[in-house]
Amino acid sequence: MTDQQFTAAAEAYTDMVYRIALNWFRNVPDAEDVTQNTMLRLCRTDTAFADEEHLRYWLVRVAVNECKRLSKSFWRTRTVPLESCPEPAFSDEGRREVYREVMALPGKYRVPLYLYYYEGYPVKDIAALLGMKPSTVQTRLARGREQLKTILTEV
C-alpha cells in the first residue's frame, strides 16, 4: 500500500472504525486506541485489496478483532460513564432517542444492531465480522429489536 493509498483510506474510514470501537467500549480512550491500532495494521499490511468494499470489510474485521483483544487486556480496568461519550448528530429527536436506547442494550445485541442499522452491513457480513453463525446474528437482531420495542413503547 502506497502512502497516498493509505492516506486516502485513513481519511475515508477512520471515522467508521472509531464509531465501531466507541460503540464497543463506550469510552473515548479505548476507542481511540483501537482506531490507532487498526490504522497501524492498515499501514503495515501487505494485503492487496480488490476494491473499496474489500478494504472496508477488512478494516471492520480488524477493528472488531482489536476490540476483542483490548477487551481481554489485563490493563482494562477503568470505565467511563456513557453520558461522557459523544454521539452522532441527528436531525430529529426520535432518531436520537432510538440511538440512545440501542447504545443502552447489552453488547451482544447492541453491536449487531449497530452494524446492521447504522453501518449498513447485511447479516451474512456481520456474522463473518463477529465470528458467529448468521442464524445467531439474526436471533440477536430479533431479540435486540424486541427489547427496543418494549423499551420504546414504555416511554
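How many helices and how many strands does the secondary structure of the protein come to? I found 7 helices and 0 strands, where helices (H or I, at least four residues) and strands (E, at least two) are DSSP runs numbered from the N terminus. Along the sequence I read the pattern α-α-α-α-α-α-α.

I am looking at a predicted model, where local features need pLDDT of at least 70, side-chain atom pairs count only at pLDDT 80 or more, and totals for chains, interfaces and linings use all residues. Residues are numbered from 1 along each chain as its sequence is written, and side-chain values use heavy atoms, with hydrogens and water left out.

Next I checked confidence. The mean pLDDT (the predictor's confidence in each residue, from 0 to 100) is 87, and 88% of the residues reach 70 or more. Helix α2 (residues 28-44) has the highest mean, 94, and helix α4 (residues 93-104) the lowest, 84.

Then I looked at packing. Of the 155 residues, 38% count as buried, meaning under 20% relative accessible area (1.4 Å probe, protein chains only). Among contacts (heavy atoms within 4.5 Å) with a separation of 6 or more, 64% join residues 24 or more positions apart.

Last, I visited Y118, which lies in helix α5 (residues 107-118). Is Y118 buried or partly exposed? I noted that Y118 is partly exposed, at a relative accessible area of 31%; partly exposed lies between buried and exposed, the latter being over 50%.
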